[in-house]
Amino acid sequence: MRAASTSPERQPLLAPANGDSPQDAKGPPNGGLDAWLIVLAGFLIFVNSWGLSSTFGVFLEHYRTELLPGTSPSTLAWIGSVQSTFVTVVGILTGPLTDRGYLRPVMVVGHLMVVVGMYALSAATQYWQVLLAQGFCVGIGAGAINIPALAVISSQFTTRRPIALGCASTGASVGGIVFPLAFRRLAPAVGFAPAVRVLASANLAVSIAALAILCRRPGVRAPRARLVMDPRGFGEPVFGTFVAALFFQFLAYYVPLFYLTTFAAVRLHTGADFAFDLLAVGNAASFFGRTTPYLLGARVTPVQILVAGEVGAVAVLFGWMAVHTVAGLVVWTVAWGFLSGVLVTAPAASTAHPTLSPSLDVIGARLGMSWSTAAVGVLIGAPVAGALADVAHANFQHAQIFAGVVMAVAVVLMTVPLVAAHRFNYAKFRSQTDA
């Protein structure tokens, strides 16, 4: 029994709360005050990472009409694509660093870059300045803290891992509601620079709270942690197909988030306030997509939830072409918002499955590897859609078809890890029943 309790597969990534050495730890607590405090820290981190990046649709419309009116929507979309790409791809470095015990410095540097980048954005007046501040500085900082948060939470839970990750990721929904509403109300009243400085101050307050919780205890080096990645993982049929599916999924994921406000304003001629508020409506709906699927119990696995979300996303993305009224757009926005919450949380919960990550020692590396592959899709998806959309003539059909088709490809590829996870779970159930 002693050997089982100290096996590397059960090694948390934070020092035990009671001060015992990592070797004396009994593995993930799967609950308790300290573990749920880490979930709270993850919630705050998601506010400053995914929550901030999902707000870009509001910034895009402001840049298009006010700050950078002579720049094409496709060119402007690169700012948000670069930012969102870094949110995912930087984890290929910071995830393994977390595995090796460097949680504190990773978190401090990441939060600092987010705050500095937002304050720098408030002073930007040209395209290259916005790209450097929002795309690179904020994006890299958000990416530095994103995957480590997922890895630490994953290492603290076993059966409750999906709901813990779902609760933490609701921070993205809260940030995606508060930030666009605040920016839209403040920018016309006080101007772009003061409005962004208010958001930056909010980012600073959130960063301080997250660091106070998460950095109370030092990180723990996993016994078999890799420095950057485990390249053999890409050659595994199940994991390799999984990351390929994520690439196609995230080719489509940001298309609605970036162009929803523009579609409402240009295609349906809604008022500017209504168009901006739609983004907050979608993020509010994503709150339920990040949590409610994981309340179904252990019989419904995260991989199954992910595939179901992708199938639903295919239908909704193609259904976008049939939206011709404001009421229809509101309904569509709620549906997509819910599914977007599923699509951004289920991959992290799925990666911890034994068919994708052989042990918790490499959970940070595997998360970084999977999200870095998805980041390529994030980088090019929205700009491609922007080039396909004819904003001047309010024709978004080609961009909508593009999003639906690539999401359908993701569904086909994701059936491989779905079948593998089902077989593993069934074999485990049979072995326990026979015993």
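Student: What share of the residues of the protein chain counts as buried, and what makes a residue buried?

Tutor: Of the 435 residues in the chain, 59% count as buried, a word used for a relative accessible area under 20%, whereas over 50% is exposed and anything in between is partly exposed (1.4 Å probe, protein chains only). The model is predicted, with local features needing a pLDDT of at least 70 and side-chain atom pairs counting only at pLDDT 80 or more, while totals for chains, interfaces and linings use all residues. Residues are numbered from 1 along each chain as its sequence is written, and side-chain values use heavy atoms, leaving out hydrogens and water.

Student: How many helices and strands does the protein chain have?

Tutor: The protein chain has 17 helices and zero strands, both being DSSP runs numbered from the N terminus (helices H or I with at least four residues, strands E with at least two). Among its contacts between residues at least 6 apart in sequence, 84% join residues at least 24 apart, where contact means heavy atoms within 4.5 Å.

Student: Why is Gly166 called buried?

Tutor: Its relative accessibility is 1%, and therefore Gly166 counts as buried. This glycine has its place in helix α9 (residues 161-190), and it touches Arg290 and Thr291, not counting residues up to four places away in sequence. Gly166 also lies 9.5 Å from Ala348, C-alpha to C-alpha, although the two are 182 residues apart in sequence.

Student: Why is Trp78 called partly exposed?

Tutor: Trp78, which is found in helix α5, has a relative accessibility of 35%, so it counts as partly exposed. Leaving aside neighbours within four places in sequence, Trp78 is in contact with Tyr127, Leu131, Leu379 and Pro383, and its C-alpha atom is separated by 8.1 Å from that of Ile380, 302 residues apart from it along the chain.

Student: What makes α5 roughly parallel to α8?

Tutor: The axes of helix α5 (residues 73-89) and helix α8 (residues 127-156) come within 6 Å and cross at roughly 20 degrees; axes are lines fitted to C-alpha atoms, for helices over the stretch in contact, with angles from 0 to 180 degrees between N-to-C directions. That angle makes α5 roughly parallel to α8, given that angles under 35 degrees count as roughly parallel, over 145 as roughly antiparallel, 65 to 115 as roughly perpendicular and the rest as oblique. By class, this contact has 14 nonpolar, eight polar and no charged residues, where Ala, Val, Leu, Ile, Met, Phe, Trp, Tyr, Cys and Pro are nonpolar, Asp, Glu, Lys and Arg are charged, and the others, Gly among them, are polar.

Student: What makes α4 roughly antiparallel to α10?

Tutor: Helix α4 (residues 56-67) and helix α10 (residues 192-214) have axes that come within 13 Å and cross at roughly 165 degrees, which means that α4 is roughly antiparallel to α10. The contact is made by Phe59, His62, Tyr63 and Leu67 of α4, together with Phe192, Val196 and Leu199 of α10, and by class it has six nonpolar, one polar and no charged residues.

Student: Which residues touch the most other members of the largest nonpolar core, and what is a nonpolar core?

Tutor: In this core of 128 residues, Tyr63, Leu121 and Trp371 touch the most other members, with helix α12 (residues 237-266) giving the largest share, 19 residues. A nonpolar core is a set of buried Ala, Val, Leu, Ile, Met, Phe, Trp, Tyr and Cys residues joined through side-chain atoms within 4.5 Å. Leaving aside neighbours within four places in sequence, Leu121 is in contact with Phe59, Tyr63, Val130, Ala133, Gln134, Phe192 and Val196.

Student: Where is Val243 found, and why does it count as buried?

Tutor: Val243 is found in helix α12 and counts as buried because its relative accessibility is 4%. Apart from neighbours within four places in sequence, Val243 is in contact with Phe234, Met369, Ser370 and Thr373, and it lies 9.3 Å from Leu413, C-alpha to C-alpha, at 170 residues apart in sequence.

Student: Is His269 buried or exposed, and what is its phi?

Tutor: His269, in the loop between α12 and α13 (272-289), has a relative accessibility of 65% and therefore counts as exposed. Its phi is positive, about 55 degrees, although His269 is not a glycine.

Student: Is Ala394 buried or exposed?

Tutor: Ala394 has a relative accessible area of 14%, so it is buried, and its place is the loop between α16 (363-388) and α17 (397-434). Ala394 has a positive phi of about 55 degrees, although it is not a glycine.
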